[in-house]
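The structure comes first, and the report follows.

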Amino acid sequence: NIADIMNLVMYSTRSMYVSEKYLLIGYVGNFIVCTAIVERVDPIKVFKIGNISAMLNIEYNFLITSVVVHPVYRHKRFCQRMCKIVFDFVDDRYDNYQLHLEVDRNNSYAIRCYEKRNFKLDDNIDVLDDPTRFAVMTYK
C-alpha cells in the first residue's frame, strides 16, 4: 500500500549514501499500478566494484530500487513502462549518467523485463548484501 511505499522512501538503509531520492508512480485511472524509487548514489559506497576506472567518467549514478507492479497488472508490460518513466525522468534532468538496479537472480520475469529495456547484467559490480542472490544490471 502507499504507506508502505512512503516508508521505503523515507527509511532506506542506504540513506547515508543517497543525495537525491524520487518516488515515481504509474497510474491506470486513479489506481496505482506500479512504482519505482530512484536514488542518486555514490556507487563506491553502495556496490562492490571490480574495475573502478570504468565508472570514473560517469558524473551521475542512479540506483533504481523497489520496482513494484500490482499483481493484477503483472505480465502486461508495466515493468517496461515504469523503466521508460524512469529513463524519461532522469534524461530530462541529467547528462552523463548511468542507471543501476539490483535484481533477484531467481526472478526471470524481472530480468527479461530489464533486458528488453537494454539493461545488462554487470559483472563489474556486486551488491554488498547478498551477491549470490542478487545481481546488478546497468543501463548506459
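## Confidence of the model

The model is predicted, so local features need pLDDT of at least 70 and side-chain atom pairs count only at pLDDT 80 or more, while totals for chains, interfaces and linings use all residues. Residues are numbered from 1 along each chain as its sequence is written, and side-chain values use heavy atoms, with hydrogens and water left out.

The mean pLDDT (the predictor's confidence in each residue, from 0 to 100) of the chain is 80, and 82% of its residues reach 70 or more. Confidence is lowest in helix α1 (residues 2–10), with a mean of 45, and highest in α4, at 92; helices here are DSSP runs of H or I with at least four residues, strands are runs of E with at least two, and both are numbered from the N terminus. Where pLDDT is low, the predicted coordinates should not be read in detail.

## Aromatic pairs

Rings of Phe, Tyr and Trp (its six-membered ring) pair if their centres lie within 6.5 Å, and planes under 30 degrees apart count as stacked, over 60 as edge-to-face and the rest as tilted. By this rule there are nine aromatic pairs. One of them is stacked, formed by Phe87 and Phe119 at 5.8 Å centre to centre, with 25° between the planes. Because Phe87 lies in helix α3 (residues 78–93) and Phe119 in the loop between α4 (108–116) and β6 (120–121), the pair ties together parts that are 32 residues apart in sequence.

Both Phe87 and Phe119 are buried (under 20% relative accessible area, with exposed over 50% and partly exposed in between, for a 1.4 Å probe and protein chains only). Phe87, Tyr114, Phe119 and Tyr139 form one aromatic cluster.

## Charges over rings

A charge sits over a ring if NZ of Lys or CZ of Arg is within 6 Å of the ring centre and within 35 degrees of the ring normal. Lys76 lies over the face of Tyr73, at 5.9 Å from the ring centre, and Arg81 lies over the face of Phe78, at 4.6 Å from the ring centre.
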